[in-house]
Amino acid sequence: MIGKLFDVPRRLPAGLAALLTLMAVIMLSAMADSTMQPLPATAPSAQFSAERALAHLKEFAAEPRPIGSPASGRARDYLAGQLRAAGLQVEIQRSVGGRSAAGLATFGQVDNIVGRLRGTGSTGTVLIAAHYDSAAMGPGASDDGAAVAAMIETVRALRTGPGMRNDIVLLMSDGEEDGVLGAEAFVRDHPLGKAGGVLLNWEARGVSGPSLMFETTAGNSRLVETFVHAVPAPRGHSAMVEVYRLLPNNTDFTPLTKAGFTGMNFAYIQRSSLYHTAGDSIANLNRGSLQHHGTNMLALTRALGNADLRTLTSDQDVTYFRALGTMITYPARLVWPLAVLALLAVAGLALLGRLRRLLSLPRLIMAAVSAVVPLVLSAALAQGLWELLVAWRPAYDLMGGLLHRPRPYQAAIAVLCALAVLGWYLVLRRRLGPAALTVGALTWLAGLGVLCAQVAPGASFLFALPALLGSLGCLAAALSRGPAWARAAAAMLGPVTAAMLLPSLAGDVFDGMGLALGGVSALILALFGLTVVPIAELFLPDPATRRLPDPATQRLPDLAIRPKRAVLLPVSLVALLLTTGLVATGLAADDFDAGQPQRTHLAYVMDADTRTAHWVSADTDPPQWTKQYVSGHDTSALPAGYARGTLWTGPAPAIAADGPRATVLARREGTLKLQVTAGKGARSVTLRLDQPITRATASAGRFGSASVPVTGTRAGTWPSEIRFRGIPAQGVQITLRIQEADRIRLTVIGETDGLTAVPGFIPRPPHLVAATREDGGLLAVTRGYTLAGDA
C-alpha cells in the first residue's frame, strides 16, 4: 500500500515550474514587505517628510543621552521647545520611576516631556509615545530618536489642517532604557497617565526595515481595522502580537497598557547588530524606515484624532496578515472553524489515500510521528552551527547572535533544513510511501493550527491555512480528471500559501532574535519544508517501480536495491558543500571593521577605601585593544560584591575621586534606611547587598519617590542589587525590606560615563564599539560597608 496521491506527465518540467513558482512567491512576499521611499523637505506640508524629521534628529541625537546625562538635558530642552513652538501645552514631569526584576530594583529621576493639543469635541485621548533617552553606549538615532523626531514632524503636519476632534497627547518619556522608568512614573503620578485612552507607541530594534505593528492590547479588532484602513503601507501580522505577548520584553507600551490604555506598538527591526551600540547613529539610519514610521504615525493620529474613541472597544482579537501585498483580516470567531476544517481536510485526504490503497493507517501514523525528526534535526543543526561559529569567532558571543551580515549563515541554515526534510523523505519514501508522508506532514501543520487556536489564536493562520489549502489542493489533484497543469496547480495551493507566510516569518525571527536562537527560525523553515514535500515527487521515480534482475548475475541493479542512497548521498554531499561555502562566505563577509565593528566590554573599577583600581572585561576572548588592559581571570582583588560572571582583570592606575557614600539613617525590624550619594560627577549609583531584599523604596526629595516589590535573587553575584540612574547631586534615600541578619555587607558603586579620566587610557579604535553589558565603558568607584546590629 505505497503510492502517490496524484501524478502528472513530464514530471521534471512540472517540478522545475513548481520550484520557480515557490521562489517567485517568496521573493514577491519579501518585496511586498519593504519600507517606503523617503520624502524630501519640499514635500507638501500636509505630508510627513523624512528629511524634515531628520533635521530635528540631528539637533538632539548626535551623542548618547542616557537618563540623567547632560546630553539628555539638552535633548529635553530642544524637544520641549519644538513642541511649544508648534502651539502645544507642554510640561516637564519630573519624578522618580521604579521597576523590579529578580533580586533587582531599578530607580531613576526622570524628566518626561508631555505635550497636549486639545481637541474640538474630545471623546478621549490619543497618546503618542516614544522615549528620548538612549542607551549609554550609543546616540540612539533609531532607538528611539527617529520616533521622537517623527512626533515633531507629525505635529507640524497636523497643524496645517483643521483641529482634531480628540485630545492629542505626546509623551516623550525618559528612562526607558533603564526599565521603562519614565512611562511607569507617567501612569503613576500624572493625571493624563491615569486617565487612559488610545496609545500609539513607537520603538526600534535595529536601524532599518519596515515599521511593523508587532503588539496590541487584547480585544484589538477595531484597532486593527483602523490600522489597516488608515495606514497606506501597513506591515506586521497577528502572529507577532501572540509571540510578543509570551516574551518577557518590555517597552513603554507595557506600563502604559497595564494602566488602562488600549493601543498598538510599532518598531522596525532590521540590521539589529547596531542596536544599543555606537552604530545606532544618524549615518546608519535608513531614511525609508523613518519615513514609514512617520507616515504611519501621521495617518493613525489623523484617523484616531477624528474618530469616536468610545467605539474602539472590542471583546475579541482579529487575525491579520499580508499575502503578496494585500492585508487579509478575519475575526477571532473564524480561528477555530478554520483550524478544525484544516484537520478535517487532512483526515479526508488520508481517507482518500486509504480507499485508493495508497497508504495504510500504520504507515500514516509512522509518517506523522517520524516527521518530528526533521523538525528537531533542523533546530539542532542551526544551534550547532551557531556554537561552531562562536567557537571559531568568539566575538560573536557578545553580539547575542545579532550579526552585521548574517545572510550567508541564514542561507546555510536554510540549506541544512532542506537537507533534514529531504533526507527524512527519501529515507522513508519507499518504506512508508509518498502519500503517507505527505499526509503525515500536513498532519503536523493542522495539529499546530489547532494548538495555536487554543493558546495563540492570532498565530493559527500560519499553520491552519497551509494545511487546509494543501489538503484541499491534493484532494482536487487526486480527484480531478482535468488537464495535468490544472492538477499540478491545485497541488501547489498549500506550498504557495506556506511560501507566502512561513519564510517571511523565519526572516522576522532571524532579524529579531538573531542566530543565537537560530533554531527557532530553522523550525519554521522545516515546517515550510514539510508543506512542499509533494514537489519532491516530481523529481523522483515511481516508488512502486520494480526493476528486473540482471540476466547474467540474477542480481538487482544498485538503484533498485538502494534507490534512496542513490539520491540521498549526492544530495547530502551537495548540501554539505553548499553549507560549507556559505559559512566560509559569511566568515569573510562578516569580518569586523569600522563599518562592522566588533563589540568589546571594558570597565574601570576602583576601591575608594584602598585606592586600588583594576580594569575589568567580560569578553570571552578580548581583542588586542582590550588585552592591553586585562591579562588574567583573578577577581580576588576586586571590591566585594562587584564581580559577576567570568571576568578578565588587570591593574589600573588610581584616579582622584571621592567615591560614593552610604549613611545608615535607621535599621530596625527588617528595615534598612540609607542616605546614598554617588560622588562628584557620577551619573548613577548601584548598591549590592549580601542578603536578599523583598521591597525597595527610593526617594529624591521634592522630585518624588517610588517603591517596588523585589522577589528572587541576582545570579552570579550577591543576591540583591539596587540601582538609581540620574541621581541628584544631593543624593537619595533608599529604604529596603531585608531579612534579619547579624551582619549585612554592602557595596556602593558610583558610576560615571566614559573612561577618558583614567591616566594613559587609549580610546577604542574605529573597528571596536562598547558592548551592551550595563557596566561597559563606566568608571566605577566603590566603597564597602559592614552593617552589624541595629543602627
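Two strands are said to pair if DSSP finds at least two bridges between them, and strands themselves are DSSP runs of E with at least two residues, just as helices are runs of H or I with at least four residues, both numbered from the N terminus. The model to which these terms are applied here is a predicted one, in which local features need pLDDT of at least 70 and side-chain atom pairs count only at pLDDT 80 or more, while totals for chains, interfaces and linings use all residues. Residues are numbered from 1 along each chain as its sequence is written, and side-chain values use heavy atoms, with hydrogens and water left out.

We can begin with the strands. Strand 1 (residues 89-101) and strand 2 (residues 104-117) run antiparallel and are joined by 13 bridges; within this pairing, Gly97 has Gly108 of strand 2 as its bridge partner. The two strands form a hairpin with two residues between them, and Gly103 in the turn has a positive phi of about 70 degrees. A second hairpin, again with two residues between its strands, is formed by strand 14 and strand 15, and here Glu669 in the turn has a positive phi of about 50 degrees. Strand 14 (residues 661-668) and strand 15 (residues 671-677) run antiparallel with seven bridges between them, and Arg667 stands opposite Leu672 in strand 15.

A residue is called buried under 20% relative accessible area, exposed over 50%, and partly exposed in between, with a 1.4 Å probe and protein chains only; a nonpolar core is a set of buried Ala, Val, Leu, Ile, Met, Phe, Trp, Tyr and Cys residues joined through side-chain atoms within 4.5 Å. The largest such core has 101 residues, and those with the most contacts inside it are Leu389, Tyr396, Trp424, Leu462 and Leu530. Its largest share, twelve residues, comes from helix 15 (residues 407-432). Apart from this core lies another, of 60 residues, which includes Tyr78, Ala141, Met151 and Met297.

Several helices can be followed in the same way. In helix 12 (residues 361-370), the residues Leu364, Ala367, Ala368 and Ser370 are buried, and the buried residues of this helix pack, by contact (heavy atoms within 4.5 Å), against helix 11 (335-355), helix 13 (372-392), helix 15 and helix 16. Ala347 is found in helix 11 and is partly exposed, because its relative accessible area is 42%. Ala347 and Leu442 are 95 residues apart in sequence, yet their C-alpha atoms are 9.7 Å apart in space.
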